[in-house]
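Me: I have a chain open here and want to go through it with you. Can we start with the overall picture and then get to details?

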Amino acid sequence: PIANRQSPVANNGSLTKPSLPAGIREYFLPQNYSLPEAFQCAKKSMPADAKIEAILYRPTLLAAAQIRILDRKYGVDSEIAKAALVETLDRRGIVRWEDFPYAGPPLDKVETMPAPGARFAAMEAPLNDSKLMSALQKDFADWLFRSAEVKARANLALKIFAGPDVSQAEFMRACADAAREARDAEIAKKTAAIDKKIKSVEDKLLREERELRQDEEELRNRNIETGLSGVETVAGLFGIGRKKSLSTSVSKYRMAQNAKEEVKESLDAIAQFKKELAALEREREDIAKEISDRWGNVVNDIEEVSVKPKKTDIFVDLFGVAWKPHYIVRAGGETLELPAFGEE
């Protein structure tokens with residue numbers, strides 16, 4: 001028998017499970033390691049004659065909670081599961097929870113009954129102290145309140161927010177769309193007066209170009225009349241054909257000169273209008289560029305925001321003594337204690 005070999009079971013284990021004070025819950029962790037996996041976890045070679053002789057449960061502290069983090073402003077609605085398995089306990093009930101993350105199988109596999117014929121190691125404080133366990137549960141919830149958080153993205157200038165379920169690409173697209181709308185609205189507002197001036201100058205330019213075409217037509221006609229009148233006058237002086245008065249020729253020449261002046265005035269006015277139009281368009285482009293550059297920079301003005309839970313959104317669903325199974329193995333003439341539960 002094992003007792004005659006002074007095995008760890010005989011020294012430390014009892015067929016009677018230690019009783020717990022009222023209010024302290026208990027759980028039984030599953031045997032999720034096969035015997036070869038138990039040897040591998042212990043970094044030992046598995047002899048061919050290795051055989052499980054018993055299951056020994058050692059007490060640990062299991063704590064698990066569901067945390068909801070909700071912040072409508074930042075678009076956060078997340079649920080986080082946190083669990084800790086504390087195997088090394090200070091008798092005063094002091095735990096650094098971050099040092100004991102749970103890494104075993106899903107907690108829905110936690111059992112309510114021990115393995116048949118199992119033995120149990122002794123129970124010590126704080127696991128068998130109701131007051132200390134209540135204080136530890138409160139401390140666990142407080143630790144979750146301090147440490148649990150999710151990261152949200154925020155563009156405060158654009159008032160665009162997104163929780164962790166929104167990808168970086170989706171968030172950037174939303175920022176770009178919002179910046180484009182804001183940019184277009186600001187450009188429209190700040191260039192409205194210039195657009196009105198541009199429209200006025202364009203209308204004047206069109207009218208002046210129509211007048212120029214009319215003036216050029218008038219000038220061509222006057223030049224033709226002046227040329228014909230000059231020929232008739234010269235012929236009349238030599239007694240050829242009908243005499244043409246000199247005053248009529250001078251009058252037509254004067255009208256031709258006036259038409260020429262009107263063409264020049266139209267050309268000068270068109271040049272001035274084009275100059276004004278170019279200046280206004282440059283001013284508009286400068287305003288639009290400054291606004292576009294500014295909103296382009298705003299798109300990348302992104303920061304990460306930590307969103308934390310409310311205390312009322314922390315739900316501790318498992319807290320108590322968790323009996324962790326170990327294999328008592330006879331192998332190669334000696335008795336070994338190997339882990340039957342561990343990381344997956």
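Reply: What follows goes from the whole chain to single residues, and the model is a predicted one.

Me: How many helices and strands?

Reply: The chain has six helices and nine strands.

Me: How much of it is buried?

Reply: Of its 344 residues, 36% count as buried.

Me: And what share of the contacts joins residues at least 24 apart?

Reply: Taking contacts between residues at least 6 apart in sequence, 78% join residues at least 24 apart.

Me: Now the aromatics. How many pairs in the whole structure?

Reply: The search finds nine aromatic pairs. One of them is Tyr74 with Phe161: the ring centres are 5.1 Å apart and the planes stand at 90°, so this pair is edge-to-face.

Me: Where do Tyr74 and Phe161 sit?

Reply: Tyr74 is in the loop between strand S2 (51-71) and strand S3 (76-86), while Phe161 belongs to strand S6 (residues 160-162). The pair links distant parts of the chain, 87 residues apart.

Me: Buried or exposed, those two?

Reply: Tyr74 is buried at 14% relative accessible area.

Me: Which residues form a cluster through ring pairs?

Reply: Phe28, Tyr57, Phe120 and Trp323 are linked into a cluster that way.

Me: Stay with H3. Which of its residues are buried?

Reply: Met133, Leu136, Phe140, Asp142, Trp143 and Leu144.

Me: What do the buried residues of H3 pack against?

Reply: They pack against S2, S3 and S8.

Me: How does the span of H3 compare with what its residues should give?

Reply: The two agree: with 18 residues at 1.5 Å a residue, H3 should span 26 Å, and its end C-alpha atoms are 26 Å apart.

Me: What happens at the start of H3?

Reply: There, a side-chain oxygen of Asp129 comes to within 3.0 Å of the backbone nitrogen of Lys131.

Me: Different topic. How many disulfides?

Reply: The count is zero. The rule asks for two cysteine sulfur atoms within 2.5 Å.

Me: How exposed are Cys41 and Cys175?

Reply: Cys41 is partly exposed, at 37% relative accessible area, and Cys175 is buried, at 0%.

Me: Back to S8. What is His326 doing there?

Reply: His326 lies in strand S8 and is buried, with a relative accessible area of 10%. A polar atom of the His326 side chain lies 3.1 Å from the backbone oxygen of Lys324.

Me: Which residues other than glycine have positive phi?

Reply: Lys43 is one of them, with phi near 60°, and Lys159 is another, also near 60°. Lys43 is in the loop between helix H2 (35-41) and S2 and is exposed at 76% relative accessibility. Lys159 is in the loop between strand S5 (150-155) and S6, and is exposed at 63%.

Me: Last one: where is Leu267?

Reply: Leu267 is in helix H6 (residues 246-299) and is partly exposed, at 42% relative accessible area. Its C-alpha atom is 8.3 Å from that of Glu209, 58 residues apart along the chain.

Terms used:
Residues are numbered from 1 along each chain as its sequence is written. This is a predicted model: local features need pLDDT of at least 70, side-chain atom pairs count only at pLDDT 80 or more; totals for chains, interfaces and linings use all residues. Side-chain values use heavy atoms; hydrogens and water are left out. Buried means under 20% relative accessible area, exposed over 50%, partly exposed in between (1.4 Å probe, protein chains only). Rings of Phe, Tyr and Trp (its six-membered ring) pair if their centres lie within 6.5 Å; planes under 30 degrees apart count as stacked, over 60 as edge-to-face and the rest as tilted. Helices (H or I, at least four residues) and strands (E, at least two) are DSSP runs, numbered from the N terminus. The expected span of a helix is 1.5 Å times one less than its number of residues. Contact means heavy atoms within 4.5 Å. A polar contact is a pair of N or O atoms within 3.5 Å; within protein, one must be able to donate a hydrogen and the other to accept it, and residues adjacent in sequence count only if both atoms are side-chain atoms.
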